[in-house]
Amino acid sequence: MVRHKKDNFRGKKGPHYTPRPRPPPESLASYDPNDPNATPPTTSTHPPFKAAAWDLHHCNPNRCSGKKLMRAGLLRPLSLGTKHSGIVISPQGTIPVSPADLPLLETYGAAVVECSWNRINEVPWGRLGGKNERILPYLVAANQTNYGKPWRLNCVEALAAAFAICGRWEWAEEILGGFGYGEAFLEINGELFERYSGAGDAEGVRRAEEEWLVKIGKEYTGRREKKTDAEEVEGLLRESGDEEDGDGEEDGEEEEEEFDPYGLPPSDHDSDEEEQMAELRRKVLASRPFKAVGEEEEDTKQAPVVVSRPQEPVVTKPKQEIASEDEKEESENGSESGDGLDDDFDNIIKAAPVTDRSGIAALERKRAREKGTVR
């Protein structure tokens, strides 16, 4: 028998298990049962507002406000290429969010772009957006990354700002309920939300924004002027204080010089000691002529003396003494050898023919001298 896949036939893979129902998302609204005015949370799992986002995965998932809203079921993810029919909060918009956008907000909701402000140029704006793109007016961020910076809101702050400007303050409180900086954001921008929600349309919101910018600009310049004036006054006070301290020190020195704690007249003993010291000083100065250090060094220094190298005296010995010395050396050498080998060597040398002219001439002179001594 042939079974069709619609018959839910699974063969031998095991019994069919039905998936466990998914628990409803935790509500971000704070509820105190002890408060009689507090309204209990509704059993419906759907929030009263409609919110969506294009997630470009630029941020850390553990710190991203958009992903936290998605996990809580308060934000619907959108894929690239999908257009949104409601309010699209984007920095590419030219019309500010105003109370006139409340029908669109209630019918279709609002959408934001989940991306990093540092990588805003990487966003493919052509593949996302819609017909009703809006830009937020001047607001100050309260999140940990861009605290105190204007126009640097994250996803949850942008959605809450759109809800508050359109008059849905309770939606803004609910969506910010799970974030620690939610109350701070509403408190910092409370006056701005009142101004923007009181304006009727986009032109009124734009005028309110310009008035607020002019106001904070004047306050900033006023604080700068006050700061410079305070610095100038402080500098003058510091200079005057330094002058007073200098005058006080001079007066104190004069008073110390003029003030005598005992008021005693000078004694004769002190005058005698001064005379003795003056006499000793006079004798020391008169004992030797004092000169400057440079002059003494010049006097002590003398020009170097050139000493000629001593020459060794040349001692001329007579020929007989030279001959006797040669004989002594020969006798000593012969005695050291001991075997008469040197005599044999001398005989061999004498018997060798002499071909050198100088040697022949010396031999002839020697023979002539011998003949003369024999006669």
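Predicted model: local features only at pLDDT ≥ 70, side-chain atom pairs only at ≥ 80, totals over all residues.
Visitor: What should I know about numbering and confidence?
Guide: Residues are numbered from 1 along each chain as its sequence is written, and side-chain values use heavy atoms, with hydrogens and water left out. Local features need pLDDT of at least 70, side-chain atom pairs count only at pLDDT 80 or more, and totals for chains, interfaces and linings use all residues.

Visitor: How many residues of S1 are buried?
Guide: Strands (E, at least two residues) and helices (H or I, at least four) are DSSP runs, numbered from the N terminus. Buried means under 20% relative accessible area, exposed over 50%, partly exposed in between (1.4 Å probe, protein chains only). Ala51, Ala53 and Asp55 point one way from S1, Ala52 and Trp54 the other way. The buried count for S1 is 5 of its 5 residues.

Visitor: Over how many bridges do S1 and S4 pair?
Guide: Two strands pair if DSSP finds at least two bridges between them. Alanine 51 has alanine 110 as its bridge partner in S4, and aspartate 55 stands opposite glutamate 114. S1 and S4 run in the parallel sense, and their bridges number 5.

Visitor: In S2, which residue is the bridge partner of alanine 53?
Guide: S2 covers residues 76–78. S2 runs parallel to S1, and 3 bridges join them. The partner of alanine 53 is proline 77.

Visitor: Which residue stands opposite alanine 111 in S4?
Guide: S4 has 5 of its 5 residues buried. Ala111 and Val113 point one way from S4, while Ala110, Val112 and Glu114 point the other way. S3 (residues 84–89) pairs with S4 in the parallel sense over 2 bridges. Opposite alanine 111 stands valine 88.

Visitor: Which elements do the buried residues of H1 pack against?
Guide: H1 spans residues 65–72, and its buried residues are Ser65, Gly66, Lys67, Leu69 and Ala72. Contact here means heavy atoms within 4.5 Å. Glycine 73 follows H1 with a positive phi, near 80 degrees. The packing partners are S1, S4, H3 and H4.

Visitor: How many residues apart in sequence are the parts tied together by phenylalanine 49 and phenylalanine 163?
Guide: A search of the whole structure finds 7 aromatic pairs. Rings of Phe, Tyr and Trp (its six-membered ring) pair if their centres lie within 6.5 Å; planes under 30 degrees apart count as stacked, over 60 as edge-to-face and the rest as tilted. This pair is tilted, at 5.3 Å centre to centre and 45 degrees between the planes. Phenylalanine 49 lies in the segment before S1 and phenylalanine 163 in H3, so the parts tied together are 114 residues apart.

Visitor: Is tryptophan 151 buried or partly exposed?
Guide: Tryptophan 151 forms an edge-to-face pair with tyrosine 138, at 5.0 Å centre to centre and 85 degrees between the planes. Tyrosine 138 counts as buried because its relative accessibility is 12%. Tryptophan 151 has a relative accessible area of 42%, so this residue is partly exposed.

Visitor: Which ring has arginine 168 over its face?
Guide: A charge sits over a ring if NZ of Lys or CZ of Arg is within 6 Å of the ring centre and within 35 degrees of the ring normal. Lysine 68 lies over the face of phenylalanine 179, at 4.7 Å from the ring centre. Ring pairs also link Phe49, Phe163 and Trp171 into a cluster. Arginine 168, at 4.9 Å from the ring centre, lies over tryptophan 171.
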